[in-house]
Amino acid sequence: MESNYRWLLISILISLTFSSLVLHHGVLAESVKPEEAKQLRDEVRGMFYHAFDGYMNNAFPLDELRPLSCQGEDTLGGYALTLIDSLDTLALLGDRERFTSSVEWIGKNLQFNINKTVSVFETTIRVLGGLLSAHLIASDYATGMRIPSYDNELLVLAEDLTRRMLPAFDTPTGIPFGSVNLMYGVDKHESKITSTAGGGTLSLEFGVLSRLTNDPVFEQVAKNAVRGLWARRSNLDLVGAHINVFTGEWTQKDAGIGTSIDSFYEYLLKAYILFGDEEYLYIFQEAYRSAMQYLHKDPWYVEVNMDSAAIVWPVFNSLQAFWPGLQVLAGDVDPAIRTHTAFFSVWKRYGFTPEGFNLATLSVQYGQKSYPLRPELIESTYWLYKATKDPRYLDAGRDFVASLQYGAKCPCGYCHITDVELHKQEDHMESFFLAETVKYLWLLFDLAVDSDNLVDNGPYKYIFSTEGHLLPLTPQISLAREHCSYLGGYCLSNFTKPEQEVLEEESNHNERSNIYPYHESFPVTGLIKGLCPGLTHAQKYGLSYVQPEKTDREDVNQPKPETTSSSIVLISDTVEKKQQVDEEGFSSQSEPIMTISGGSSNDQNSQELTLLESETDDRRLYSS
């Protein structure tokens with residue numbers, strides 16, 4: 001009770017502090033008009049080329065740019081990381097010449113048969129995602145950016161790279177090691193501890209690769225990694241931050257939506273949207289519901305113990321800022337608006353968002369003063385503008401541009417900010433600045449002008465990967481399993497083979513690869529008489545998950561905390577509002593929108609997952 005009262009006081013202090021902050025800034029600037037939005041869009045385009053040209057002239061083919069000293073450095077694998085990460089941004093900007101020359105150079109010069117130990121997570125989202133997105137653009141007339149001479153070189157590279165990462169999944173839990181050597185596999189001394197995001201943020205890229213190559217192994221291992229994590233959730237349906245990939249024991253039980261966990265939630269919903277796989281939706285429903293109940297202290301989010309829900313870190317960290325954008329995709333716009341307002345107020349206070357802002361002391365968290373050009377808050381701003389068309393998000397975009405131009409711009413690109421209070425620059429520029437940060441900024445202002453771009457006015461709806469790469473909802477990707485029985489319209493080559501032939505091929509494939517010997521994988525093919533395999537009832541509703549081994553944890557059987565009501569002051573744009581919310585952050589406006597609807601009492605198997613419609617169609621956007 002004492003801790004709840006303390007949190008109430010902290011919430012009030014936070015509200016009062018940021019209300020005074022708004023007053024301190026005085027009269028708000030005039031809202032962005034269409035002509036200014038066009039100018040800002042062109043300015044952001046110039047920002048991209050200032051950084052991209054700086055990389056190509058001073059760092060290429062090294063991985064990343066040092067924008068202060070105008071030099072390059074290898075940071076991931078030594079394979080032109082920034083160029084790969086920038087490919088679909090070049091296409092989005094309509095730069096056919098540079099997109100073509102970049103794709104051709106990569107196809108001729110890049111190889112992964114190198115003695116480098118790399119992060120499975122970073123390599124997947126940056127390199128594999130970049131290759132797949134660029135392949136899908138370069139090989140398709142409908143995108144308007146097809147390269148006539150292109151012959152699937154990037155897809156071949158993507159498959160080769162991913163096969164080199166497969167040994168990382170050879171664990172008893174199915175959760176991969178954090179790192180793998182591209183030539184020799186997993187080192188015997190490799191750490192068995194990995195993050196939840198590291199193990200659970202592979203399903204989009206690996207799934208797309210399976211659909212494009214007609215090889216199910218990639219999608220299988222990524223999905224089994226998600227199952228391995230979710231099977232070891234707590235009684236509160238929360239997951240921790242770090243886990244032992246061999247024992248399945250959580251080594252860090254702090255549950256949150258930020259560091260080490262963030263994109264695990266993101267890929268659950270996006271995998272359902274992209275692939276139509278209801279098992280991902282089911283897991284997202286449960287995970288989202290628990291996050292809103294135990295982590296949400298409206299409008300903020302905290303980190304809690306995954307077993308007891310006791311608050312362990314009342315800190316806003318910058319990676320949490322993706323959450324409002326994810327809520328827009330889920331249709332839960334109202335809490336997204338309130339949370340974005342709170343997060344953006346931190347940006348307004350410092351000119352950037354620090355890696356950590358302590359909600360108890362109302363100051364930058366010690367040791368977390370930097371801003372490494374992260375895109376998450378800009379990403380959520382784009383999605384909220386897309387859903388609401390509220391001009392305040394264009395105003396926020398203008399503030400982002402001003403901060404980056406006057407605080408982070410340096411001779412050859414844009415610099416990390418090592419201290420958001422002193423605006424001290426560091427000689428480093430992450431590749432995601434070109435893959436995400438300027439991409440979402442450009443899309444934000446282009447949406448306000450005419451939306452004449454591949455994402456908002458192209459031939460497909462697109463899902464953004466966690467690195468901002470464009471993954472289209474094409475029939476080959478999104479309908480391969482759900483609709484392949486419909487007149488064979490979208491069946492891949494082996495979808496119509498006789499059952500015995502398919503089973504023999506699967507058997508031979510398993511004997512060859514045998515990288516996943518520890519528990520049963522979900523079959524992606526295995527068709528009978530040309531019909532697609534549907535999810536079983538157990539798979540739909542989570543009954544097929546691997547059960548974690550019992551441990552001697554003292555808090556395993558601890559009852560769920562009781563919910564009581566208290567009054568918390570919320571932040572809005574111009575006024576403070578009070579509403580009744582329970583101590584876990586629930587209110588009538590912040591309830592999870594995902595529900596399970598039951599069938600008749602005579603047929604329990606008729607239950608199905610339902611995504612409730614929101615009040616307006618534009619709240620259920622994927623892209624367009």
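Visitor: I'd like the overall picture to begin with. How many helices and strands does the protein have?

Guide: Remember that this is a predicted model. Its secondary structure comes to 20 helices and 25 strands. The protein has 624 residues, and 59% of them count as buried.

Visitor: What share of the contacts join residues at least 24 apart in sequence?

Guide: Take the contacts between residues at least 6 apart in sequence: 71% of them join residues at least 24 apart.

Visitor: Which residues of H4 are buried?

Guide: Buried means under 20% relative accessible area. In H4 that applies to Phe 99, Thr 100, Ser 102, Val 103 and Ile 106. Look down the helix axis and these buried residues fall within an arc of 165°, so they line one face of H4. Turned away from that buried side is a face with the exposed residues Glu 97 and Lys 108.

Visitor: And what covers the buried residues of H4?

Guide: The cover includes four helices: H2 (34-58), H3 (81-92), H5 (120-138) and H6 (153-165).

Visitor: Let me try helix H14. How many of its residues are buried?

Guide: Twelve of its 13 residues are buried, so H14 is mostly covered. Among them are Glu 376, Trp 383 and Lys 386. The length check works here too: 13 residues, 376-388, should span 18 Å, and the end C-alpha atoms are 18 Å apart. After H14 comes Lys 389, with a positive phi near 55°.

Visitor: What does UniProt place at Thr 466?

Guide: The unreviewed UniProt entry places the feature "binding site" there. In the model, Thr 466 lies in the loop between strand E20 (462-464) and strand E21 (470-472).

Visitor: Is Thr 466 buried or exposed?

Guide: Compare its value with the 20% cut-off. Thr 466 has a relative accessible area of 15%, so it is buried.

Visitor: Which residues is Thr 466 in contact with?

Guide: Setting aside neighbours within four places in sequence, Thr 466 is in contact with Ile 125, Thr 201, Ser 263, Glu 266, Tyr 267 and Glu 436. Its side chain makes a polar contact with the side chain of Glu 266, at 2.9 Å.

Visitor: Where does Ser 263 lie?

Guide: Ser 263 is in helix H10, residues 262-275. With 1% relative accessibility, it counts as buried. Its side chain and that of Thr 201 are joined by a polar contact of 2.8 Å. Leaving out neighbours within four places, the contacts of Ser 263 include Phe 121, Ala 197 and Gly 200, as well as Thr 201 and Thr 466.

Definitions and conventions: Residues numbered from 1 in each chain as written. Predicted model: local features only at pLDDT ≥ 70, side-chain atom pairs only at ≥ 80, totals over all residues. Heavy atoms only, no water. Buried < 20%, exposed > 50% of the residue type's maximum accessible area, 1.4 Å probe, protein only. Helix = DSSP H or I, 4+ residues; strand = E, 2+ residues; numbered from the N terminus. Arc of directions from axis to C-beta. Contact = heavy atoms within 4.5 Å. UniProt positions renumbered as here; feature names shortened; annotations may be inferred. Polar contact = N/O pair within 3.5 Å; in protein donor to acceptor, adjacent residues only side chain to side chain. Expected span 1.5 Å × (residues − 1).
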